[in-house]
Amino acid sequence: IIFHTGPTWFIREWPPAAWCHLIGHLQAAGYKKIIRVGASKNAFFGGMDTDVIPGVVSMVDQLDLEETIGLIAQADLLIGIDSGLLHFAAAVRTTSVGIWGPTNPRLRFSESARHFPVVSQIPCQGCHHRLPCLHWITGCQHDVQCMKMIRAEDVFRVSLEALKSKLVA
């Protein structure tokens, strides 16, 4: 299992504590080969928190994009926030679970993609696609609850569904 926490737009990031809870659930369920990919810096926004998560192999800042895509192609599952790596997973037909807040995954992925989205159920979810745009351009008036309200247990449940579907396919 590969996971990608960002960095990306602040509004698309899932809280670090939620990632730790998710990884804990996966490890407790017997998933021991868990790899973190990505970069520690965003070209536009600077660095991010890349704290060590016990039991996880960190490849953060270790692979170039081509190597990262190659690793994703070999994975059973990619779990990540709305970012380019989810799209690369779709391109190489790797099953993915996306954590979505201000954007709507139905507008970003075809129905044939092996993508399992997790979204919050708050009314402003998907605000990026509304006119006028309601998020980072002027600041989120809801304190990014679309991401903060997504529970690790829900991402874990969807991840197990995604892995099971891979076995059936």
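The dialogue below takes up the sheet, a helix, the salt bridges and a pocket in turn.

Tutor: This is a predicted model, in which local features need pLDDT of at least 70, side-chain atom pairs count only at pLDDT 80 or more, and totals for chains, interfaces and linings use all residues. Residues are numbered from 1 along each chain as its sequence is written, and side-chain values use heavy atoms, with hydrogens and water left out.

Student: In what order do the six strands of the open sheet lie?

Tutor: Strands (E, at least two residues) and helices (H or I, at least four) are DSSP runs numbered from the N terminus, and two strands pair if DSSP finds at least two bridges between them. Here the order is β5-β2-β1-β6-β7-β8, with parallel pairing. The edge strands, β5 (57-58) and β8 (115-119), each pair on one side only. Within the sheet, β1 (residues 2-4) is joined to β6 (residues 78-81) by three bridges, and F3 stands opposite I79 in β6.

Student: Which residues of α1 are buried?

Tutor: Buried means under 20% relative accessible area, exposed over 50%, and partly exposed in between (1.4 Å probe, protein chains only). In α1, the buried residues are A18, W19, L22, I23, L26 and Q27. Just after α1, G30 has a positive phi of about 100 degrees.

Student: Which residues are linked in a network of salt bridges?

Tutor: Side chains of opposite charge can pair when their charged atoms come close. A salt bridge requires a side-chain nitrogen of Lys or Arg within 4 Å of a carboxyl oxygen of Asp or Glu. The network links R151, E153, D154, R157 and E161. R151 meets D154 at 3.2 Å, N to O, and R157 meets D154 at 3.9 Å. R157 and D154 both lie in α5 (residues 152-168), three residues apart, about one turn of the helix. R151 is partly exposed at 44%, as is D154 at 22%.

Student: Which classes of residue line the second largest pocket?

Tutor: Ala, Val, Leu, Ile, Met, Phe, Trp, Tyr, Cys and Pro count as nonpolar, Asp, Glu, Lys and Arg as charged, and the others, Gly among them, as polar. This lining has six nonpolar, six polar and one charged residues. Its largest share, three residues, comes from α3.
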